[in-house]
Amino acid sequence: MSPYLQGILILAGINVLAVLGLSLLTGFTGSFCFGQAGFLTIGAYVATLLTMELHVPFAVALLGGALFSALVSIPLGLPTLKLKGDYFAIATLGFAEATRLIVENLEKITGGSRGIPGIPTKTSLPIVLVLAVVASICIRFYVVSRHGRNCVAIREDETAAQAIGINTFRYKQISFFINAALAGLAGGLLSHYVGFIQPAMFGIQKSTELIVMVIFGGMHSVTGAILAAIILTALPEVLRAAAAWRLVAYGAVVVLIMVTRPQGLLGNWELSRESLMAIWNGLKSRFSKKAVGVDHG
Amino acid sequence: MILQQIINGLSIGAVYALLAVGYSLVYSVLNFSNFAHGEVLMLGSYIGFFSLTQLGVPFVVAIVLSVVGTGVIAIVLERIGYRPLRLRSAPLLYFMISAMGLSIFLQNLTIVTIGPNFRTYPDIISTAPITIGDLYIGRLDLMIFGITLLSLLLLTWFIYGTKMGSGIRAASYNMRVASLMGINPDLVVAIVFLLAGATAGVGGMLFGMKYTVYPWMGTLTIKAFIAAVVGGLGSLPGAVIGAFLLGITETFAAAYVSSAFRDLFSFALMILIIVIRPGGLMGVVSQEKA
């Protein structure tokens, strides 16, 4: 496989990891998180510093980044997860911006806005692929479990969910925690793939891009989010010439989706044995009808 | 020194107030934050800039052009991005996402068409400050303060002194009941967006004069949004109070702590306020009942 294609696949895998938790938090639990870049920053910097300063093995560094990011979500979630939609969105946005500012100003540790160069590039395709697949499967099973259904209940009507005995705050906390952990992991992988990090890589733009992937794929489908992460990572590579127009199109597509098809690309369709069988049966029946038609002719 | 900081804080706070009011107006009627408000401001700033440099019109005409332009743009955006959602009473989350989409679209369209470079407004007023004893007051700051105050007064008069204004206030309490009383919801929403757009137009001109014009200047309005949140989304006096509070907090943080951490203080102020009072200083915490 050419290194170019391999690079795209690695970035797609990293984006899948960053989007999975967001799909759970925003798509399934209904908390609009505008600060995904903040968790990516934390994961990336913690993992990088672990590798560069403490020379720990790559796996430990990744785990450290993910864990630290997840732990940050707990004190952050305590006050903010109680807030209603807009307030939560702006609080997470504030968190991401604050994280970037802190990283920019802790020059002794983080290298300030110039960033950290020369990170050993340890992220390889098999590692990313395995992590992305494992995480996808876990999230996929989580959302159809009892816990996942509780999350959906919260999204649909928080008051009603509370009334039937769901600890809504707890479930939002869990979604937030999982989201932060996966984003932290993605950040660590990203820094060890690019070999260089700086705060400018994790601006509002990054948060927006990730949330667009969730919306594009279908807010109620994990498969959709994964598919969208892969497509939207590969698409700009294919359409290099139209790179400047990419974000214009993103914006237009987001509005168009909300206005005409808010369920996104896949709606609530999920990849499963049943859904694949349904497609197979559909194809079979269509095929046999055609065969009948030929007989008649 | 402290007095000087207060003056600086008020001058920043005034512009925040003008923009925060735009966020709060839309929120009061539609219950969502119009994230595209910043981009309307940016477009207003460009309209003002090109009127001054290309058409060569006087300042007052430029400001009128900008206000009319952004008012119309805001109404058009509502038609495209929010009205279809409103008509099928979509979840509020969709409004927010649609607003975010509009914001990305407008910002990047401007980058692609007009270009990503910073443009400087021609000098409108002498840059020499007025000195009173030890205090320095920029002429531009004074002018900005005056224009903001005038716009806010006009807006207050419209909301509290006209029939249409009482319609808006009625709709902000309860849109459905208001429409039963013969208030046309589409008209109210259009007027609200017209007003919010117009304040963004004035704000865009002022921001452009004080700083520069560039495609992502809309992100500056995050501060105004924070001000609206601090004051309580949906409350106009709250937005103004929040804006001045934020302006003063920022200038004091920059002067006495570190200018690099200025924005950190704004976010901290916001988090602090919404943790203590989840609805903001003047906001009403809407209790959802089953």
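**Ground rules.** I took residues as numbered from 1 along each chain as its sequence is written, with chains lettered from A and ligands numbered from 1 in the order in which they are written. Since the model is predicted, I kept in mind that local features need pLDDT of at least 70 and that side-chain atom pairs count only at pLDDT 80 or more, while totals for chains, interfaces and linings use all residues.

**Chain A, domains.** I looked up the domain assignment, whose bounds come from an automatic or database source, and found domain 1 (3-266) and domain 2 (271-297) in chain A. The C-alpha centres of these two domains of chain A lie 39 Å apart.

**Chain B, overall.** I noted eleven helices and two strands in chain B, where helices (H or I, at least four residues) and strands (E, at least two) are DSSP runs numbered from the N terminus. The order along the sequence is α-α-α-α-β-β-α-α-α-α-α-α-α. The C-alpha trace of chain B spans about 60 × 45 × 35 Å along its principal axes. Of the 290 residues in chain B, 52% are buried, meaning that 20 or more other C-beta atoms, placed from the backbone, lie within 10 Å of the residue's own.

**Helix H10 of chain B.** I checked the length of H10(B) (residues 236-256): its 21 residues should span 30 Å at 1.5 Å a residue, and the end C-alpha atoms are 30 Å apart, which agrees; the expected span is 1.5 Å times one less than the number of residues. Among the buried residues of this helix are Leu236(B), Ile241(B), Phe244(B) and Glu250(B). The cover over the buried residues of H10(B) includes helix H1 (2-30), helix H5 (139-161), helix H9 (221-231) and helix H11 (262-276) of chain B.

Leaving aside residues up to four places away in sequence, Val192(B) touches Leu25(B), Val26(B), Val29(B) and Ile168(B), contact being C-beta atoms, placed from the backbone, within 7 Å.

**Contact between the chains.** Lastly I recorded that the contact takes 34 residues from chain A and 37 residues from chain B. On the side of chain A that touches chain B, the elements giving two or more residues are helices H4 (85-105), H8 (158-163), H10 (204-217) and H12 (243-260) of chain A.

Methods. Buried ≥ 20, exposed ≤ 12 C-beta atoms within 10 Å, placed from the backbone. Contact = placed C-beta atoms within 7 Å.
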